[in-house]
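Me: I have a new structure open and would like to go through it. Can you take my questions one at a time?

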Amino acid sequence: MRTDLRPLTTTPLDHVRNLGILAHVDAGKTTVTERMLYLTGATHKRGEVHDGTTVTDFDSQERDRGITIFAAAVSCVWDHHRINLIDTPGHVDFSDEVERSLRVLDGAIAVFDAVAGVEPQSESVWRQADRHGVPRIAFVNKLDRAGADLDTAVASIRDRLNTVPLVVQLPIGREDGFTGVVDLLRMRALVWAADGGAFTEGPVPEDLREEALRRRRALEEAVAELHPAALEEFCAETTLGVGTMTTALRDLTRSGEGVVVLCGSAYRDRGMEPLLDAVVAYLPSPLEVPPVRGTVDGAERERAADPAAPFAGLVFKVNSTATGRLTYLRVYAGTIRKGDTVLDVAARRTERIGRILRVRADRNTDVDRARAGDIVAVVGLKSARPGASLSAPDAPLLLEPPTVATPVVSVAVEARRSLDTDRLASALARLAEEDPSLAVRTDPETGQTVLSGMGELHLEVAVEKIRRAQGLDIAVGRPRVACRETVVRGVSGLVYRHVKQEGGAGQFAHVVLDVAPLEAACEGTDTFAFRSTVTGGRVPQEYVRAVEAGCRDALEEGPLGGHPVTGVRVTLTDGATHPKDSSEMAFRTAARFALREALRASAMTLLEPVVEVTVTVPDGAVGGVLGDLAARRGRVLGSTARAGTAVITATVPLAELFGYASRLRGRTQGRGTFTTRPAGYAPAPTGALAVNPDR
């Protein structure tokens, strides 16, 4: 069914779907997006990743590398429903783009490779969606590939994602012979032409009828176990009608108790129409998700998805283009029009909206207004950054921004020509504004400009973006990882007295601290615990809070190498005050110097970031790859065989993986691939971070 796009403001709110495409790299999510755009009439030619003709992978680097790097928003219409779609990156280095996108989505399609099943990044983005409470349906793609198996992929979804897969289709044919699916709800066969044309509907093939009936029965039982109304009908009728099944599947999807699973081959144009139907049938509209929650003067408030309510929106992406600055936002409540003034709530600054655009990757259409439930881009906002809350000036609502990951890899960058130094600094500042997971700082010891990001590829893309956009010749240093320091053995009863007298009121603070290790220091999150056991009012409560703040100040730089300190428990055991000279500032200063002294007296160790690596190699190359991982201080977690290849899982220090891609290609004649995901921190052996660049 092909439909024409209608004006943005004519679609009823219950006919809007805001969803994302989530997947591991190379699972086919961009191809899924392209086929959806083609079927809905948003494009008139099928875009192909290998030809560099896709709508959503429009950046030159995406087309050169053949992967999605930047989240791209598009809009289309199917069955009178407007679908606002975001194609998200599948590479671990760009997971922060996924995080920001999930923050503004109401639903998602999780795409899985029918051969590989659940892959590492599939699992990571699934957990991200869990944290945001985003309902999902699953699409098992590439059923036309050799080794494709729907049941195996579904088993991996059940086992690795801890969810209940509700499979509503049965493939017709295997691998090259895959031609269509059996719709288990309506017990009909959908078969696509060999040239990728429209499907034809007919009865279930006789050789599949018994299997289809068995699977339909299993689906009914699974739904009845989870849905009370379905259970009641199942007990009374011993079967479930199509209407009851559809309602139950919708409810289970939106509650997260189950995930509807469909299958097909996006590249061959098979299975896409039922996928679009499932988006409309099972994923929620903006009216069916909880009202957005925010704060007003510290008090929590809700605002419903009502076009007549005061405006509230969240910026999730900023992009500088040749024609100006585009600010992408989700409108949660109210209506905005061209020329309206909006309030950046956190910055307490008003800005004017010049234009409103309905987005389709890099091609946009002007509209007069946007209302609750819409995802649009606006022109005219000069300073709003990703995560900014925008509201009507007379009804501010501060929304929770997306979380920003801490960068783990850094490189020194500098312009080869001194005349370009200022241009480079300006370009880096714009880059960090567009991507909050990038950080730019100046090294206080060397004076070098340091760019930090989520991985080697993340930094490569960022530097190349500046080179192409600004025409700058940039020198890039060797990557360095972001280490942490932690306490192995602490100290007790460290006494520090801060006294300062320079005329007038002085400063006096006396603190006694115990410092001890805190468990879970290696889990990748900054851990710090503080408590006070002071009794008798010897240190007033307001000074106790100042002591905690001073301790946090001291943890920013550790004694081993100036790295942040994590995994520390600090106890304030005693203290003393002066009736005139004690103040919060004095106690904060005392605590900062006291903890620094305590850390120097403690036994400390360096922590380095480690990642879980999944390496897929031909069977004949397993020995060499295992030896190379061991040389990189890797710890093998397991190995499985799959269709002439071996899949090796190991944890490896991130510092040891720089340049691993070229090394792996050399050992496997170009047939080996690997993916990574963060696995926290681990103690670094002495001298281990002096990585051999030739390894």
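Predicted model: local features only at pLDDT ≥ 70, side-chain atom pairs only at ≥ 80, totals over all residues.

Me: What is the N to O distance between Glu201 and Arg188?
Reply: Their side chains form a salt bridge at 2.9 Å, N to O. Glu201 sits in strand 10 (residues 199-202) and Arg188 in strand 9 (residues 188-192), 13 residues apart, and the pair links distant parts of the chain. Helices (H or I, at least four residues) and strands (E, at least two) are DSSP runs, numbered from the N terminus.

Me: Is Glu201 buried or exposed?
Reply: Glu201 counts as exposed, at 52% relative accessibility. The cut-offs are under 20% relative accessible area for buried, over 50% for exposed, and partly exposed in between (1.4 Å probe, protein chains only).

Me: Which residue does Lys465 form a salt bridge with?
Reply: The partner of Lys465 is Glu434, with the closest N and O atoms 2.9 Å apart. Lys465 is in helix 11 (residues 456-470) and Glu434 is in helix 10 (residues 421-434), 31 residues apart. Lys465 is partly exposed at 22%, whereas Glu434 is buried at 9%.

Me: What else does Glu434 touch?
Reply: Leaving out residues up to four places away in sequence, Glu434 touches Arg100, Val318, Asn319, Ser320, Pro386 and Lys465. Contact means heavy atoms within 4.5 Å.

Me: And where are Arg592 and Asp553?
Reply: Arg592 and Asp553 meet in a salt bridge at 4.0 Å, N to O. Arg592 lies in helix 13 (residues 584-601) and Asp553 in helix 12 (residues 541-554), so the pair ties together parts that are 39 residues apart in sequence. Asp553 counts as buried at 19% relative accessibility.

Me: Which residues join into one network of salt bridges?
Reply: Glu123, Arg127, Asp130, Arg136, Arg160, Glu612 and Arg677 are joined through salt bridges that share partners.

Me: Back to helix 13. How many residues does it have?
Reply: Helix 13 has 18 residues and reaches 26 Å from its first C-alpha to its last, close to the 26 Å expected at 1.5 Å a residue. The expected span is 1.5 Å times one less than the number of residues. Its buried residues include Phe587, Leu595, Ala598 and Leu599.

Me: What does Val491 touch?
Reply: Apart from residues up to four places away in sequence, Val491 touches Asp514, Val515, Ala598, Ala601 and Ser602. Val491 is in strand 31 (residues 491-500) and counts as buried at 17%.

Me: New topic. How many disulfides?
Reply: The count is 0 disulfides, a disulfide being a pair of cysteine sulfur atoms within 2.5 Å. Cys76 is buried at 0% relative accessible area, and Cys551 is buried at 0% too.

Me: Which residue's backbone oxygen does the Arg325 side chain reach?
Reply: The Arg325 side chain reaches the backbone oxygen of Leu381 at 2.9 Å. Arg325 is in strand 15 (residues 324-333) and is buried at 14%.

Me: Last one. Which residues touch the most other members of the largest nonpolar core?
Reply: Ile109, Ile137 and Val223 do, in a core of 51 residues. The largest share of this core, 8 residues, comes from helix 9 (residues 272-282). Another core of 38 residues lies apart from it, with Leu451, Val463, Leu472 and Ala650 among them. A nonpolar core is a set of buried Ala, Val, Leu, Ile, Met, Phe, Trp, Tyr and Cys residues joined through side-chain atoms within 4.5 Å.

Methods. Residues numbered from 1 in each chain as written. Heavy atoms only, no water. Polar contact = N/O pair within 3.5 Å; in protein donor to acceptor, adjacent residues only side chain to side chain.
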